[in-house]
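Have the structure open as you read.

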Amino acid sequence: MEVAPGIHSMWQKNGAYVHAFLLDDGQGLTLVDTLYDTDAHRVLDELEAMGKKPEDIKHIIMTHCHRSHMGGLARLQQMSGAPVYAHEWESDLIAGERAAQPVSWLPHPPYRTWPLQIVLNLNVSHHPPVTVDNYVHDGDRIGPLTVVFAPGHSPGHLAFWWPERRLLIAGDAVCTWPSFRLGWRGFTLNRKQHERSLHRLAELDSEVLCVGHGEPLATGGAARIRAALDAQK
Ligand SMILES: [Zn+2]
Ligand SMILES: [Zn+2]
C-alpha cells in the first residue's frame, strides 16, 4: 500500500501487526525492516505490485533487531544483493550471536503485548542469521533517509527521517497497534533514553508517521507525538 508518494507500507498479523517500508526516491529502493515471515512474501508481493524487482532494492536498513522485524532479512539480502545497515548494538543479534535483551516479565499497558514479552524472553523464535555490512550512526544518510539515533526501546534502536517527504519512520519508539502510544511500556529497556528519543522525534516536523506495529499515519505525525508527550506531563 502506498501511504504517500514513494512511501510503501507492508504488514502482517504475525509479529503483532508488524510493518516494513519500501521507499522510492527515483534512485532505487530503500527497504526499512523485513517483517516476520522468513519467506519475505509480503515484501516480494509489494515489489511486484510496484513493477519492481528485488535487485531494485539498493539498501536494507533495520530499525532494531527484535524478531518480528528480521524474518525476511536473509532472503531479501540474498535476492537483492543489497547491503544491510544497522546500529552496531544490534548487529550481533542479526548475526544470531546473541539473544535479544530480556524485557519485563510483568504486564504493562497495552496488555495485549504481554504474551509477546514472554515469547521474547523465552527466546523460542529465531530468524535466519545475517551479517550486517554497515554500522550506521546518528546523522548518516542512506538513500533518501537521515538516520536518527533513538535508543530506549532497545540500545541500538534507530528512526529515519526523509525531510523532502516529511516522513518519519519511528520504529518501535511509537506504535499505533493496538492503539496510538509512545511505545510499548513492557518492551522499553531504558525509559530515560526512550523519553529523550521521543522528544527528538517530536522536534522533526513530520507529516507521515510510519511505525513498527500498526497502521501508518498519513498526516499529522509530529502533532500526534507532541500531543501524546504533552498528555503524559
Ligand atoms: Zn521492538
Ligand atoms: Zn517490534
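1. A word on terms: a donor is an N, O or S atom within 2.8 Å of the metal (3.2 Å for Na, K and Ca), and water is not among the atoms, so sites may look incomplete. With that settled, Asp-172 bridges the zinc ion (ligand 1) and the zinc ion (ligand 2), which lie 3.1 Å apart.

2. Keep in mind that this is a predicted model, where local features need pLDDT of at least 70, side-chain atom pairs need 80 or more, and totals for chains, interfaces and linings use all residues. Residues count from 1 along each chain as written, chains are lettered from A and ligands numbered from 1 in written order, and side-chain values use heavy atoms, without hydrogens or water.

3. The zinc ion (ligand 1) is held by His-64 (NE2), His-66 (ND1), His-153 (NE2) and Asp-172 (OD), at 2.1 to 2.3 Å. Along the sequence these donor residues follow the spacing H-x1-H-x86-H-x18-D.

4. His-153 and Asp-172 are both buried, meaning under 20% relative accessible area (1.4 Å probe, protein chains only).

5. Now the sheet: seven strands make an open, mixed sheet ordered S1-S2-S3-S4-S5-S6-S7. Strands here are DSSP E runs of at least two residues, numbered from the N terminus, and two of them pair if DSSP finds at least two bridges between them. S1 (2-4) and S7 (134-135) each have a single partner strand, so one side of each lacks a neighbour in the sheet.

6. S2 (residues 7-12) and S3 (residues 18-24) pair antiparallel over six bridges. Trp-11 sits opposite His-19 in S3.

Key:
Helices (H or I, at least four residues) and strands (E, at least two) are DSSP runs, numbered from the N terminus. Buried means under 20% relative accessible area, exposed over 50%, partly exposed in between (1.4 Å probe, protein chains only).
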